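Here are my notes on the voids and on one helix pair. Please read them beside the coordinates.

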Amino acid sequence: MNYYAIRAIYTFEMARTLRTPLQSFASPVISTILYFIVFGSAIGHRMIPIDGVSYGVFIVPGLIMLTVMTQSVANASFGIYFPKFLGTIYEHLSAPISPFEIVTGYVGAAATKSAVVGLIILGVSFLFVPLEIAHPVLMMGLLCSTAFCFSLLGFILGLWARNFEQLSFVPTLIITPLVFLGGSFYSIDMLPSIWRDVSMLNPAMYLISGFRWAFFGNSDVSIQLSVVFIGFFIATFLGIIWWIFSTGYRLRS
Amino acid sequence: MTAIVEVRDLTKRYDGEKLALKNLSFKIAAGEIIALLGPNGAGKTSLISTICGLTTMSQGKVFVSGFDVQSDYRNARSLIGLVPQELMLEPFETVMGTVSLSRGLFGKAPNPSYIRGILERLSLWDKRDSPIRELSGGMKRRVLIAKALSHEPKILFLDEPTAGVDVDLRRDMWRLVKDLQRDGVTIVLTTHYIEEAEEIADRIAVIHDGQILLIEDKNLLMKRLGKKQLLVELADPIERLPKLLEDLGIKLHNEGRGLTYTYDMEVEQTGIPEILGALKSEGIRFNDVRTEQSSLEDIFIELIKDRSV
């Protein structure tokens, strides 16, 4: 195992984040504060509590998941796409590193960044709403697993993308709608039955629902199902990455 | 010779394209400087990229210090440093940051004093905290070399290291390559500049159309394939060459104002005394006599021309 390579990639990627703190941390936090102001304070007072939880509190897990999922994809896809774009990927391809080590370095850094942003948002939310976390350890586990899972997806996207348009295509047209429609701001029980059934096909819903369960002890689907889905996604994404590296798809000519 | 690189029957075909490398087999000796010469598209970069792992090989085997670059890629690659042709660097990263990354990628523990030594050697130490984007083109090329040397490689591949750099930097680069050789590093360089190969290489490999036309010691090559030419500047132009001179292989040139005689560098009997005697006996007066030796460039052009025909 090339531990030094993992450490070098991880440190390099984290240094990039720390060079741009406004973009890395302030931007998602400000966006979340705006959501709190609009949905929590302005509109939230007019909403009825959901499963006994006030609307302002209800949206906290959804907001964290929304940011963690989109940030994980963005961080990881950019992290590996940028060396491809610049051509500096030659160094990774000619170094004595296994695909596992490359993935660990890049995905580890991307997941760390988005998990930290998620925790900052959690901290900010305490300033806006009275929040209690029913299962804090599980909450941390699900936060880190989701960050890891979506960072793997972002890594695949970064390997696949041939240009910046393709890089933004998937987050904008697929990830963001899935996360928004996955119950970030509502319970799917609030939907008409046909849309509730459609929502069951949305993979993001299972992750958001599981995370919400860790906060309130109840959610749209069972926590066991959410955990199975996270495990399934992680295994699928790892399989795709293994295939990319073993075939050299869009990496080696 | 102790081979540090052994290429066996290497073939590379890009998807749906013609063969870039055609069944190449050769060895590179430890500690030598070998120059790969060839026109654009000859296969020089494909060869380096395949050895270094940037492209997959279609057929054949490559060993670095006995390690198969495919099945034992960790051991093989850890011995290799690569300086690419393009200035591929992350513009916002600092010199120290990017060189440290390279060392880590190749599995070496951080060693600040070693990195400092490299940066000082390449006149980059004062720029260690500068972002890459603020450096000149020459400085960026030095950074690429520093990155390639950061993990103490035993063999360094330089893909056109002096393309587009000024004369001073080119000479600096040649000095550096010689210094590295003294430190025991094997150097493989591709170049368009034949004077570069002539200046620093121990052996020359000429690649054309994916094949190695020859691979030989530079001095032996120049002696074997090189020609010398005797040029005689006549005092008075002549219209026809006397038969005596014609029989000696002399040719008229410059509209009868001069004579040329081409001879092999390897032969002991050049025939020059006989020519001078013949000029005297024919009463042909001359102002100047000089000789010219063919350069590596002339040899290279001849080889490629013959092949193209």
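1. Three cavities of 30 Å³ or more are counted. A cavity is a set of points, on a 1 Å grid over the protein atoms alone, where a 1.4 Å probe fits but cannot get out; a pocket is an open set with protein on both sides within 12 Å along at least five of seven lines; lining residues have an atom within 4 Å of a point. Grid points are joined across faces, edges and corners, and a volume is the space filled by probe spheres set on the points.

2. This is a predicted model: local features need pLDDT of at least 70, side-chain atom pairs count only at pLDDT 80 or more, and totals for chains, interfaces and linings use all residues. Residues are numbered from 1 along each chain as its sequence is written, chains are lettered from A and ligands numbered from 1 in the order in which they are written, and side-chain values use heavy atoms, with hydrogens and water left out.

3. The largest cavity holds about 100 Å³. Its lining has 13 residues, and A:F12, A:T88, A:H92, B:E90 and B:L101 lie nearest the centre. Two or more residues each come from α1 and α4 (89-94) of chain A and α3 (95-105) of chain B. Helices (H or I, at least four residues) and strands (E, at least two) are DSSP runs, numbered from the N terminus. α1(A) gives the most, three residues.

4. The second largest cavity has about 50 Å³ of space. Among its lining residues are A:Y90, A:E91, B:F106 and B:K147. α4(A) supplies the largest share, three residues.

5. The largest pocket has a volume of about 690 Å³. It is lined by 31 residues, with A:Q23, A:Q71, A:A74, A:N75 and A:F78 closest to its centre. α3(A) contributes the largest share, 10 residues. The lining divides into 11 nonpolar, 15 polar and five charged. Here Ala, Val, Leu, Ile, Met, Phe, Trp, Tyr, Cys and Pro count as nonpolar, Asp, Glu, Lys and Arg as charged, and the others, Gly among them, as polar.

6. Now the helix pair. The axes of α6 (residues 136-160) and α9 (residues 203-216) of chain A come within 8 Å and cross at roughly 160 degrees. Therefore α6(A) is roughly antiparallel (over 145 degrees) to α9(A). Axes are lines fitted to C-alpha atoms, for helices over the stretch in contact, and angles run from 0 to 180 degrees between N-to-C directions. The contact (heavy atoms within 4.5 Å) includes A:L142 and A:F150 of α6(A) and A:F211 and A:W213 of α9(A). By class, the contact has 10 nonpolar, two polar and no charged residues.

Note on methods:
Angles under 35 degrees count as roughly parallel, over 145 as roughly antiparallel, 65 to 115 as roughly perpendicular and the rest as oblique.
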